[in-house]
Amino acid sequence: MNKKICIHGHFYQPPRENAWLEDVELQDSAYPYHNWNERITVEGYAPNTASRILDPDRRIIDIVNNFSKISFNVGPTLLSWMETKMPDTYKAILDADKKSRQLYNGHGAAIAQVYNHMIMPLANERDKRTQVIWGIRDFEHRFRRKPKGMWLSETAVDTATLEILAEEGIQFTILAPSQAGRMRKIGDKDWTDVSGNHIDPKRAYRQYLSAGRHIDLFFYDGPISQEVGFSDLLNNGERFAHRLTGVFSDSQEPQLVHIATDGETYGHHHRYGDMALAYCLYHIEKNNLADITIYSEFLEKHPPEYEVKIIDNTSWSCFHGVERWFSDCGCNSGMNPGWNQSWRAPLRQSLDWLRDSILPVFEEQAEQYFQDPWQARNEYIKVILDRSVDNIDRFFQEQGKDIKDEEKSKALSLMELQRHAMLMYTSCGWFFDEVSGIETTQIIQYAARAIQLLQDFGHDLEAPFLKKLAEAKSNIAEMENGAVVYEKFVKPAILDLLRVGAHYAVASLFEKYENNTGIYCYSINTKAYDLYEVGRLVCAVGRISVRSTITWSESEITFSVLHLGGHIINGGVRQFDSEEAYETMHQQMKETFMKSDIPGTIHIMDEHFETHHYTLWHLFKGERRKVFREILQSSLENIEVHFRQIYENDYAVMNAMQEMQIPLPKALSTPVEYILNADLQLAIKNEKLDINRIENLIAQLKKYHLNVDKTELSFIATQRLNDMIPALEKNPRSNTLLAEMCSFLENLNRLDLSVNYWMAQNIYFKTGKKYYQTMQKRAEKGENDAKEWLANFDRLSGLLGVKIK
């Protein structure tokens, strides 16, 4: 067949890791999930690994991994997060690429991506090359093969970038139709102007480069891609399929209809978009409307017959080229009318100045440790992918100049300096509307980490950087400018080993640590720790060693911390001086505290720790929340006791009011609503599920017309269902388990919750495929347990919306 269809998904999230903790901290805006990576994975990435195909009655008839059928790239930094935080989804994506090689004649569906989504035309030559090399190496590490294609951030392109792609062995990339300038048949003399979206997207093109190299280009179908991303085309998979097949011509030449959109379109931006994609592919194949393919397979079968010249400095998301990432060009989210993006230029200029100021220091210092500092930077991706001691030592053996053990921390700091100097150019920092937005704050945080690392080499650029950043004016009065954003949101996140020690000291009052423990990317070795209590007052004195697993920087620290009740905490932390000094401080603190002499204890802390004072504020964000919950626990328990007394004491009165159709006063409905919601959440969480109690609590909520915390309850119910369903996989013939699950879901349905059935449907579908026919045959023979199983399984089928028969 000469009709081919390829759908490309660009799956990407910006790096969100705290620059000092190397982990994504709690993001309240992603509630009820911990952070946006987690939320988007649950809503989009995971569903695409096991997407549903529905029958006309909207019941599941098959479950497929969309990644195995489409062309896709997943951002390296997102895959790095996913590998540890969402390993099942991560594995399913890698498995999909393996399966695609069976479907597409040895060609894999996955392509690489430039490492941290830098806008390549705005990058200098060294950063361009490192972004490509890191993207390739990351891909090879995960997918166990060389990439044939590479996705450019925002499809932002210039000829210099294409040259580097070709030099590094990349065969093709994907661009928007607006990025093509002129084309001609290979061998012809005359060019045809195809600017303004006039390129025919149904074929592959070749751009010839210097030194006899070339790269092949695909220009996706703009109108269909736009409809997928921003209209209702994903409301119906069959309509999606016909929209794709409807643009084929009667020509007998090979035709490739292909689109490219953000992968988040299929599930996160458009709920159930993954199912529309799955059904679209299913419908095309079932009805033999076209062949589904991927770019590298198409290239092998149909090499380009036309050459093209791109328009330099263009992208898919800025009408003005690449100005969205350095000027107030008018491109924005459209969500904040009246705002401007004049902050973009000074932000770009500030970061360019910082990058260029770092370069001479880096080169001067790195030459002491590395044979070729820039080659070492290119190879540093090996360390990012595996930070084990043995692997880092191999890196030093390959790239270093006989580095001594005591020099390795400095050498690693230089590599980290360069890593953060690239992370600060992540494109999302300019994409949206406001300099104080979380994406922009994130890249400024990476800049701050680079500044801090540079300070270790005797250069402090913070003040001049902030002076330049102050020119980035905010749209929000209280935020003022980029320098204020830095002071408000970035500076509080900056930490050193003393701050890590302070976190350990304060947190140790509320959580018992092992002698050797890890806190984010720091290892802690406890050399001494003593805890003293006088009534409700607590004092801890200790000595620890703190080591960064990233830079290998290390410090021995002594501390004393005093908890006076509630959130009142006073702590002192300093570098370890001597055994004698530590023991003196320890004995003085112990003797004075045990006499209940709190002013004297604080005075001793002032003497020993001088200005290095820390409080609850200095805890890392997640631990701070945890400690506050513990501090408030007794108060919350008291509130619950009082609320429960109101509920129990006035229960008869509420019944009478309900019978007489008299609404409950707010002072009564609020505590009752709180208690019933809390009890229902607890009943769902309980290890032994009490269906009768759940049913009764739901009845009470409905009886008094009280509100249900649907967001929290949906999240908890989903977690409980996900805990229950693996038991079905282990014990698939248990009628007791099936009946309990049915009753549980029937009760939840009474509350109109948004329960995520995804995992339950997956396991139910797999179980049905494996056992349904067997149980059906047994039931036909008159076996009562099999008849009961079929009745329960069919009942669960209706509740989950899955069709097995």
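Two strands are taken as paired if DSSP finds at least two bridges between them; helices (H or I, at least four residues) and strands (E, at least two) are DSSP runs, numbered from the N terminus. The model is predicted, with local features requiring pLDDT of at least 70, side-chain atom pairs counted only at pLDDT 80 or more, and totals for chains, interfaces and linings using all residues. Residues are numbered from 1 along each chain as its sequence is written, and side-chain values use heavy atoms, with hydrogens and water left out.

On these criteria, six strands form an open sheet with antiparallel pairing, in the order β15-β16-β17-β18-β19-β20. Four bridges join β15 to strand β16 (residues 522–534) in the antiparallel sense. Glycine 518 has serine 523 of β16 as its bridge partner.

Contact means heavy atoms within 4.5 Å. Axes are lines fitted to C-alpha atoms, for helices over the stretch in contact, and angles run from 0 to 180 degrees between N-to-C directions.

A second open sheet, also of six strands, has mixed pairing and the order β7-β11-β10-β14-β8-β9. Here β7 (172–175) and β9 (192–193) stand at the edges with a single partner strand each, so one side of each lacks a neighbour in the sheet. Strand β10 (residues 205–208) pairs with strand β14 (residues 306–310) in the parallel sense over two bridges, and arginine 206 has glutamate 307 of β14 as its bridge partner. Helix α5 (residues 159–167) lies across β7, β10, β11 (214–219) and β14, at about 115 degrees to β11.

Helix α8 (residues 273–286) has 14 residues and reaches 20 Å from its first C-alpha to its last, close to the expected 20 Å (1.5 Å times one less than its number of residues). Ten of the 14 residues are buried (under 20% relative accessible area, 1.4 Å probe, protein chains only), among them Met275, Leu277, Cys280, Leu281 and Ile284. The buried residues of α8 pack against β1 (3–11), α1 (36–49), β2 (51–54), β3 (60–64), α7 (237–245) and β13 (291–292). Just after α8, asparagine 288 adopts a positive phi of about 50 degrees.

Terms used. Buried < 20%, exposed > 50% of the residue type's maximum accessible area, 1.4 Å probe, protein only.
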